[in-house]
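Hi,

Here is the structure I promised to pass on. Have a look at it first, and my notes on what turned up follow below.

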Amino acid sequence: MRKKTKRTLIIVISVILAILLLLAGTFAFMYYRGKSQFHKNDGNIKTDTVVLNDDDIEYGGKIYSLNKNIVSILFIGVDKQNINSNFGYGMNGQADSLFVMAIDTLNKTVKLIPISRETMVDVDLYDNGGQYAGIKKEQLCLAYAYGNTAEQSSKNVLKSVRRALFDINISSYVTIDLMGVSRMTVKMGGVTLDCLEELKINGKIRPVGETLMLKGQSAVDYIQMRGDDEQANNRRMARQQQFLSAFASEVGNQIMDDFSKLTTYYNAMKPYMSTDLSFS
């Protein structure tokens, strides 16, 4: 009986060790695959400075080196209910919200850099048949219209954003539609923040400083509403930046408490999202 128990115990331990090794191997594979994707196309920016080599430039008498610990992702919010709908080249909506998330993988810090949708930049144009029609300087938000898929439109925006930022590498993009914002905030239980300006949300006027729990349509209202004055877009950008920070913090905390939620949320977002980031 003892021999049988001992043998069973050895088998159980062996199976556990095999599972642990498999998990460790899978994690290592995904980690390095993901890391290599983040750092694809690393290179030097284009400026009127003195370029010393691929990683260094001289500006104002000082030498600056490319920090390869930083990876950047472009987040695009489009003014469409369905990201997969296609109305033809030049008619596929606008990039209403644009942020570059710069992640310092060494120091574990994140910076959100807002890019105004009204930035004048070179945009690649395409005709109704999808043929390249040249470059025109126009509002950055319009770059999204020139594509017949979310992937084409997003990559066109990414190209224009890189031009605006001297071609510094932004490795990937994540594009989400309005329905995705609504559904995701419901699934995660909402985003809590203090109202930055007086707004009408869900049919009710919300004063400055009121603590809001945003999910569903209220989340869409908060990030989408804009006035008609000259500073209206800048105020909306501030709300969007605040919302994205609060959103990322809440999702991050939930995933740290339960890592399986990473898969759950990733799969939940798929119908409302376009990205060149793999799950890794």
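A word on the basis: this is a predicted model, so local features need pLDDT of at least 70 and side-chain atom pairs count only at pLDDT 80 or more, while totals for chains, interfaces and linings use all residues. Residues are numbered from 1 along each chain as its sequence is written, and side-chain values use heavy atoms, with hydrogens and water left out.

**The overall picture**

The protein chain has 6 helices and 14 strands; helices (H or I, at least four residues) and strands (E, at least two) are DSSP runs, numbered from the N terminus. Of its 280 residues, 37% count as buried. Buried means under 20% relative accessible area, exposed over 50%, and partly exposed in between (1.4 Å probe, protein chains only). The chain exposes about 16,400 Å², and carbon and sulfur atoms supply 57% of that. Accessible areas come from the Shrake-Rupley method with a 1.4 Å probe, and for residues only the protein chains shown count as cover. As for contacts (heavy atoms within 4.5 Å), take those in the chain with a separation of 6 or more: 56% of them are between residues 24 or more positions apart.

Which residues make the nonpolar surface patch of about 910 Å²? They are Leu 9, Ile 11, Val 12, Ile 13, Val 15, Ile 16, Leu 17, Ile 19, Leu 20 and Leu 23. Patches are made of residues with over 30% relative accessible area and no salt bridge; like charges are joined within 9 Å, and nonpolar side chains (Val, Leu, Ile, Met, Phe, Trp, Tyr) within 5 Å. Leu 23 belongs to helix α1 (residues 2-38), and its relative accessible area of 54% makes it exposed.

**Two buried residues in strands**

Thr 175 sits in strand β9 (residues 172-176) and is buried, with a relative accessible area of 0%. Its side chain has a polar contact of 2.7 Å with the side chain of Ser 154. A polar contact is a pair of N or O atoms within 3.5 Å; within protein, one must be able to donate a hydrogen and the other to accept it, and residues adjacent in sequence count only if both atoms are side-chain atoms. Setting aside neighbours within four places in sequence, Thr 175 is in contact with residues including Ile 76, Val 78, Tyr 144 and Tyr 272.

Arg 206, in strand β12 (residues 204-206), is buried too, at a relative accessible area of 19%. The Arg 206 side chain makes a polar contact of 3.2 Å with that of Glu 210. Not counting residues up to four places away in sequence, Arg 206 touches Cys 195, Glu 197, Glu 198, Leu 199, Ile 201 and Leu 212.

**A covered helix**

How many of the 8 residues of helix α4 (residues 217-224) are buried? The count is 6, so the helix is mostly covered under the cut-off of 20%. Those residues are Ser 218, Ala 219, Val 220, Asp 221, Tyr 222 and Ile 223. They pack against α3 (178-188), β10 (191-194), β11 (199-201), β13 (211-214) and α5 (232-257).

**Charged pairs and cysteines**

Side chains of opposite charge can pair when their charged atoms come close. The whole structure has 11 salt bridges, each a side-chain nitrogen of Lys or Arg within 4 Å of a carboxyl oxygen of Asp or Glu.

One of them joins Arg 117 and Asp 96 (3.0 Å, N to O). Arg 117 lies in the loop between β6 (109-114) and β7 (120-126) and Asp 96 in strand β5 (residues 95-104), so the pair ties together parts that are 21 residues apart in sequence. Arg 117 is buried at 8% relative accessibility, and Asp 96 is buried at 14%.

Another links Arg 226 with Glu 118, with the closest N and O atoms 3.5 Å apart. Arg 226 is in the loop between α4 and α5 and Glu 118 in the loop between β6 and β7, so this pair ties together parts that are 108 residues apart in sequence. Arg 226, at 39%, is partly exposed, as is Glu 118, at 34%.

Arg 235 and Asp 229 also form a salt bridge, at 2.9 Å between the closest N and O atoms.

Finally, the search found 0 disulfides, meaning pairs of cysteine sulfur atoms within 2.5 Å. Cys 141 is buried at 1% relative accessibility, and Cys 195 is buried at 3%.

Best wishes
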